[in-house]
Amino acid sequence: MEVISENKCFGGVQGVYRHSSEACGCDMTFGLFLPEEAKDGPVPVLWYLSGLTCNHENAMTKAGAQAWAAEQGIAVIFPDTSPRGDDIANDEAYDLGQGAGFYVDATQTPWAPHFNMWTYIADELPALVFEKFALDQSRQGITGHSMGGHGALTIAMAYPDRYRSVSAFAPIANPTASDWGRKQLSAYLGDDESKWAAHDASLLMAQKGFAGPVLIDQGADDQFFDLLKPAALAEAISANRQDAVYRMQKGYDHSYFFVSTFMEDHISFHAEAMYAE
């Protein structure tokens with residue numbers, strides 16, 4: 001693992017690291033904020049999955065997570081959103097290919113050799129960071145924005161014993177019924193829609209839900225509201241009587257101004273779950 005940078009930040013360290021990924025068949029880069037408490041032993045960890053067109057850096061520099069994470073003594077991991085490189089498949093559209101991994105393991109040409117973001121986020125990167133850094137594997141939470149909110153919710157529901165809490169900012173909530181989903185799921189997974197269901201938060205929420213608490217924030221003035229399908233997730237939460245708070249935030253859009261505004265709430269939400277006995 002290569003250290004790209006390490007900077008003192010709110011008493012802790014904001015690092016950027018690169019490593020060779022077997023799952024993605026290329027080098028991958030991630031950010032990791034370690035609070036000051038990590039000097040004394042393992043600390044709880046929050047995974048932050050970013051949205052379309054982002055890399056590890058967007059949330060790391062725009063979301064304002066470090067200040068609140070430092071206050072709570074929590075580490076935050078900022079993975080990339082896809083494999084990258086000259087020899088890796090891409091598409092001219094911003095919502096497919098590099099920067100748009102959708103947190104699935106692709107089975108279709110030309111994506112399958114590299115686009116295995118589910119395995120990368122759920123298996124490979126955790127194995128690396130828990131080996132290399134002072135992180136408490138028993139105290140994990142996961143969150144994300146937009147495409148990353150979709151990833152956070154679906155991964156959390158697939159591994160209910162791993163994460164104590166899950167939250168999302170304006171998640172792509174019902175991709176099997178949206179243009180932000182049907183295009184990508186068919187490209188990565190093929191036309192058999194039965195294989196898409198495991199990557200639809202609304203379907204999963206209705207069927208199984210999540211063992212812990214859930215927090216969702218959605219901007220009421222989000223310019224992508226119709227693509228995100230928030231009503232489907234809200235209905236699934238209600239139908240399954242899920243322990244959840246779903247907040248419609250009047251006047252807010254899809255930007256990092258929205259994310260940073262409510263980041264303190266999300267960090268505090270996860271901290272409460274992580275420190276609960």
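I began with Ala23, which touches Pro113, His114, Asn116, Thr119, Tyr120 and Glu124 when residues up to four places away in sequence are not counted; contact here means heavy atoms within 4.5 Å. I worked on a predicted model, in which local features need pLDDT of at least 70 and side-chain atom pairs count only at pLDDT 80 or more, while totals for chains, interfaces and linings use all residues. Residues are numbered from 1 along each chain as its sequence is written, and side-chain values use heavy atoms, with hydrogens and water left out.

**Ala23, continued.** I placed Ala23 in the loop between β2 (12-21) and β3 (26-34); helices (H or I, at least four residues) and strands (E, at least two) are DSSP runs, numbered from the N terminus. The C-alpha atoms of Ala23 and Tyr120 are separated by 5.8 Å, although the two residues are 97 residues apart along the chain. Ala23 counts as buried at 15% relative accessibility, where buried means under 20% relative accessible area, exposed over 50% and partly exposed in between (1.4 Å probe, protein chains only).

**Cysteines.** I looked for disulfides, that is, pairs of cysteine sulfur atoms within 2.5 Å, and the structure holds 0. Cys9 is in no disulfide, and the nearest cysteine sulfur, that of Cys54, is 19 Å away. Cys24 is buried at 0% relative accessibility, and Cys9 is buried at 15%.

**Aromatic rings.** I counted 12 aromatic pairs. Rings of Phe, Tyr and Trp (its six-membered ring) pair if their centres lie within 6.5 Å; planes under 30 degrees apart count as stacked, over 60 as edge-to-face and the rest as tilted. Trp111 and Phe115 are edge-to-face, because their ring centres are 5.2 Å apart and their planes stand at 85°. Phe115 also forms a stacked pair with Tyr188, at 5.7 Å centre to centre and 20° between the planes. Phe115 lies in the loop between β5 (75-78) and α3 (117-132) and Tyr188 in helix α5 (residues 179-189), so this pair ties together parts that are 73 residues apart in sequence. Phe115 is buried at 1% relative accessibility and Tyr188 at 0%. I also noted one aromatic cluster formed by Phe169, Tyr252, Phe258 and Phe262.

**Backbone.** I found a cis peptide bond between Thr109 and Pro110, with omega about 0°; Pro110 is in the loop between β5 and α3. Phe102, also found in the loop between β5 and α3, has a positive phi near 60° in a residue other than glycine. Ala170, in the loop between β7 (165-169) and α5, has a positive phi near 45°. Phe102 is buried at 0%, and Ala170 is buried at 0%.

**Ser50.** I located Ser50 in the loop between β4 (43-49) and α1 (56-62). Is Ser50 buried or exposed? Ser50 is buried, with a relative accessible area of 1%. Leaving aside neighbours within four places in sequence, its contacts include Asn55, Tyr103, His145 and Tyr256.
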